[in-house]
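Colleague: Could you take me through one part of this model in some detail? I would like to start from a single residue and then see what lies around it and elsewhere in the chain.

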Amino acid sequence: MIQTVRNKNIIAMLLIVVFLVLSAASDASAQRRRRVYHHHSKTKGALIGGAAGAVGGALIGGKKGALIGAGAGAGTGYLIQRHRNRKQYRRNR
């Protein structure tokens with residue numbers, strides 16, 4: 001039982017590290033300016049965030065954790081895409 005919990009915690013930590021590395025890597029391409037405004041779908045961001053949150057929540061807390069993680073991930077994905085759209089719109093005006 002303890003070994004299973006320990007394995008889940010290790011997998012969850014590795015998943016968090018991967019997400020942090022991938023989010024930091026996207027900042028490197030932010031130096032390039034574009035003149036064209038590209039709209040990013042907020043729905044797509046919410047779906048991707050919900051899926052990632054569900055996987056992380058399932059690893060940590062089982063079914064209930066998956067549900068909570070999916071809700072939190074969907075909300076966060078929506079807000080991130082909305083922020084990206086507004087930031088890009090202001091920059092390219």
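Modeller: Happy to. Gly69 sits in helix 2, which covers residues 42-91; helices here are DSSP runs of H or I with at least four residues, strands are runs of E with at least two, and both are numbered from the N terminus. Before going further, a word on the source: this is a predicted model, where local features need pLDDT of at least 70 and side-chain atom pairs count only at pLDDT 80 or more, while totals for chains, interfaces and linings use all residues. Residues are numbered from 1 along each chain as its sequence is written, and side-chain values use heavy atoms, with hydrogens and water left out.

Gly69 counts as buried because its relative accessible area is 13%, where buried means under 20%, exposed over 50% and partly exposed in between, with a 1.4 Å probe and protein chains only. Setting aside neighbours within four places in sequence, Gly69 is in contact (heavy atoms within 4.5 Å) with Gly53 and Ala54. Val55 lies 14 residues from Gly69 in sequence, and their C-alpha atoms are 7.7 Å apart.

Further along, Tyr78 also belongs to helix 2. With a relative accessible area of 34%, Tyr78 is partly exposed. Not counting residues up to four places away in sequence, Tyr78 touches Lys42, Gly45 and Ala46. Tyr78 and Leu47 are 31 residues apart in sequence, yet 8.3 Å separates them in space, C-alpha to C-alpha.

Gln81 is another residue of helix 2, and at a relative accessible area of 12% Gln81 is buried.

For a contrast, look at Leu20 in helix 1 (residues 2-25). Leu20 counts as exposed because its relative accessibility is 55%.

Among contacts between residues at least 6 apart in sequence, 76% join residues at least 24 apart. The protein exposes about 7400 Å², with carbon and sulfur atoms supplying 65% of it; accessible areas come from the Shrake-Rupley method with a 1.4 Å probe, and for residues only the protein chains shown count as cover.
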